[in-house]
Amino acid sequence: MDIDAEAGFREFVVHRRAGLLRTAYLLTGDDGHAEDLVQTALLKTYRHWNRIAAQGEPIAYVRRVLVTTATSWRRRLLSTEQVMDAVPEQAHYDRYPERSAAVIDALHALPPRMRAVVVLRFYEDLTEAQTAELLGCSVGTVKTQSSRAMTRLRSALAADPALRPTGGVA
Amino acid sequence: MTEDELRDLLHGAAGRGGVALLDDDTAVDAVVETAATQRRRRTAVLAVAACLALIAVTVPTVWPSGRTAPDREVASASAAVLEWPVRGSLADDTAALEAVRGLDWSEPLWAPAIENRRVAYLGDVEGSRRALVVGRTDVSGAVTGQWFTGAPGADPATLVAEGAVERLEDAASASHVAAPGDVLVVLTAPDDAVELSPRVEVGADGSVARDFAPVETDDGVAVTGVDRPTVHGSAGLYRVLRDGAVVESRPVPVSFGGEHVWDPPLLAPLDPAGEEPVPEAVDLALQGCWRRPG
């Protein structure tokens, strides 16, 4: 890879890595696993960067690698889990801060592929067609998975006492 | 819970995560370094594979003791056999040579026409009279040879074919050991040398090897004794050297029948109270050991 291409890859990472880390966090439910997942996806992307960059928007490729890698992992990183001394403060908008932990738990209870559908559809705001293309399945499958996921999440989150005070979940 | 509420929940939850140990630049550096390491590893593996493939291709053609190596020498040798001078103690006896040329071969199909035959060797060795007749057959144009044997001093016209007809694609021809105690006669090009390994040597560490000793060769004729040949062959291996390189390596040929079988060794039971081994079992075990000793 030449210097210009590597500079392009570096610029892409600087602009997109934070978002990828948040998506990875939703997919894995753990900061350490999320960072490993993003790093793995970036490594796979870097190997083919010239071709990916030439095709246009690289984020679609990275997102696909992120999701397919996440769904194929079997928690093999558990033995190498890293412990942080302190979690840095990050400014973010959280309308239901008391529910976030419960949301992560509920997400993690979903099967990996169903979890990926939820994250892509309702966090990344991809269309059903884009989600289907990214996951390599039909739109019908995305609809089915999405519907089942909503049912499960409603049930899980409604049962959580932490969510009841707001009354927003029914 | 509506889809919009789920979106809010997901964005809120995602914001709590996304904390990384590495900053962006360090993460890129780690990716670049890992990719370079993997690329170097792949290159090294490919280089090793290429070297192994190169060795596999080149070694058989340059290794001095390989049987497949001397293709070029063999090709020239098969024609050179017909140019070999006549050797042996009766090499100058024209009548004897003429008589030997007319002898019957063991396999007439592979026998050259008499006018195409020539005698490569005729003479007496310890215990017998031997002759080698060679020629190019009409069937396939191959050069074949047939050894003949008889008692010392026997009329050349009474010699009989010994062993099968030999296709002389090699750099040498060896007489068969026709009886226990017979000598081995190896005929080569006049300047070639002959070495003999009587048997496989097994080291104390279990390693297997052969030791070759030079056989006195006079004008391309080597005559030597052979240790304990059996109906199944001999543990001996002879090889021919040209300019210091091995151009041919073959087992000592043996052609005598069952009437010449050596008596099996007497085996006493390790347990003094045990019974004598069944003779057939001993014979079977010895056959298994001697069938292909090297």
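The model is predicted: local features need pLDDT of at least 70, side-chain atom pairs count only at pLDDT 80 or more, and totals for chains, interfaces and linings use all residues. Residues are numbered from 1 along each chain as its sequence is written, and chains are lettered from A and ligands numbered from 1 in the order in which they are written.

A residue counts as buried if 20 or more other C-beta atoms, placed from the backbone, lie within 10 Å of its own. Helices (H or I, at least four residues) and strands (E, at least two) are DSSP runs, numbered from the N terminus.

B:Leu10 touches A:Leu26, A:Val103, A:Phe122 and A:Tyr123 (C-beta atoms within 7 Å), not counting residues up to four places away in sequence. A:Val103 is one of the buried residues of helix 5 (residues 100–109) of chain A. Their cover includes helices 1, 6 and 8 of chain A and helix 1 of chain B.

In chain B, four strands form an open antiparallel sheet, ordered 5-6-12-11. Strands 5 (172–174) and 11 (217–218) each have a single partner strand, so one side of each is left without a neighbour in the sheet. Pairing requires at least two DSSP bridges. Three bridges join strand 5 to strand 6 (residues 183–188) of chain B. B:Ala172 has B:Thr188 as its bridge partner in strand 6.

How values were computed
Contact = placed C-beta atoms within 7 Å. Buried ≥ 20, exposed ≤ 12 C-beta atoms within 10 Å, placed from the backbone.
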